[in-house]
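Good morning, and thank you for coming. I would ask you to look at the sequence and the structure together while I speak.

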Amino acid sequence: SKIALGHHLDDLIETLLINQFFEGRLSTMPLKLLSDDGANTVIRPLGTCEEEDLRRFAWLRGYPIVPCGCPLCGASALESRRAQIKELVARLRETAPDLKFCLLRAMKNVKTTHLLDRALLALPEGFRK
């Protein structure tokens, strides 16, 4: 009833920023997700580990690096966006080395009262998107 996936911190951050920049929503892949019917749970046990550390660990142990098997990875638009975000994060880390862990902390420290989600906020009459 548990499905473990290999998404890592970089995947979560890239997905967060892709969703914000290109989809207009504030979301990422959760570390634990219960299916709608409650029968299965998806877990991402590597979600707080950096990709770089996982690659180094795999190399040290002699494990092969297996390319992503995600069906979305073949979609050129998504891959292009992911590559853009990966490059942006790398550039930002030059001046903010703790960026990834600050973003991880932010994902764990959501202040819904400071967002504009209509479901969370009673908007004044006549307010539009």
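Predicted model: local features only at pLDDT ≥ 70, side-chain atom pairs only at ≥ 80, totals over all residues.

Buried residues account for 21% of the 129 residues in the chain.

Let us turn to the overall plan. How many helices and strands does the chain have? There are 4 helices and 3 strands. Read from the N terminus, the elements follow the order β-α-β-β-α-α-α. As for contacts, consider those between residues at least 6 apart in sequence: 60% of them join residues at least 24 apart.

I now come to the sheet. In what order do its strands lie? The sheet is open, its 3 strands are arranged S1-S3-S2, and the pairing is mixed. Strand S1, residues 2-4, and strand S2, residues 32-34, stand at the edges with a single partner strand each, so one side of each has no neighbour in the sheet. From one strand to the next, the twist averages 20°. Strand S3 covers residues 41-43, and S2 pairs with S3 in the antiparallel sense over 3 bridges. If you wish to find this pairing on the screen, look for Leu 34, which stands opposite Thr 41 in S3.

Ser 1 lies in the segment before S1. Leaving out residues up to four places away in sequence, Ser 1 touches Ala 39, Asn 40 and Thr 41. The C-alpha atoms of Ser 1 and Val 42 are separated by 8.5 Å, although these residues are 41 places apart along the chain. Is Ser 1 buried or exposed? Its relative accessible area is 67%, and the cut-off for exposed is over 50%, so Ser 1 counts as exposed.

His 8 is placed in the loop between S1 and H1. Glu 51 is found in helix H2, which spans residues 51-61. Why do both count as buried? Buried means under 20% relative accessible area; His 8 is buried because its value is 10%, and Glu 51 is buried because its value is 18%.

These two residues also meet each other. Apart from residues up to four places away in sequence, His 8 touches Leu 46, Gly 47, Cys 49, Glu 51 and Leu 54. With its neighbours within four places set aside, Glu 51 is in contact with His 8, Asp 10 and Lys 86. The C-alpha atoms of Glu 51 and Leu 9 are 6.8 Å apart, while 42 residues separate them along the chain.

Rolling a probe the size of a water molecule over the atoms shows where empty space is left. The second largest pocket holds about 400 Å³ of space. Which residues are closest to its centre? Of the 16 residues that line the second largest pocket, they are Arg 25, Leu 26, Ser 27, Val 110 and Leu 115. Helix H1, residues 9-23, and helix H4, residues 99-108, each supply at least two residues of this lining. The largest share, 3 residues, comes from H4.

Thank you for your attention.

Technical notes: Residues numbered from 1 in each chain as written. Heavy atoms only, no water. Pairing = 2+ DSSP bridges. Axes fitted to C-alpha atoms, helices over the stretch in contact; angles between N-to-C directions. Buried < 20%, exposed > 50% of the residue type's maximum accessible area, 1.4 Å probe, protein only. Contact = heavy atoms within 4.5 Å. 1 Å grid on protein atoms, 1.4 Å probe; cavity = no way out; pocket = protein on both sides within 12 Å on 5 of 7 lines; lining within 4 Å. Points joined across faces, edges and corners; volume = space filled by probe spheres on them.
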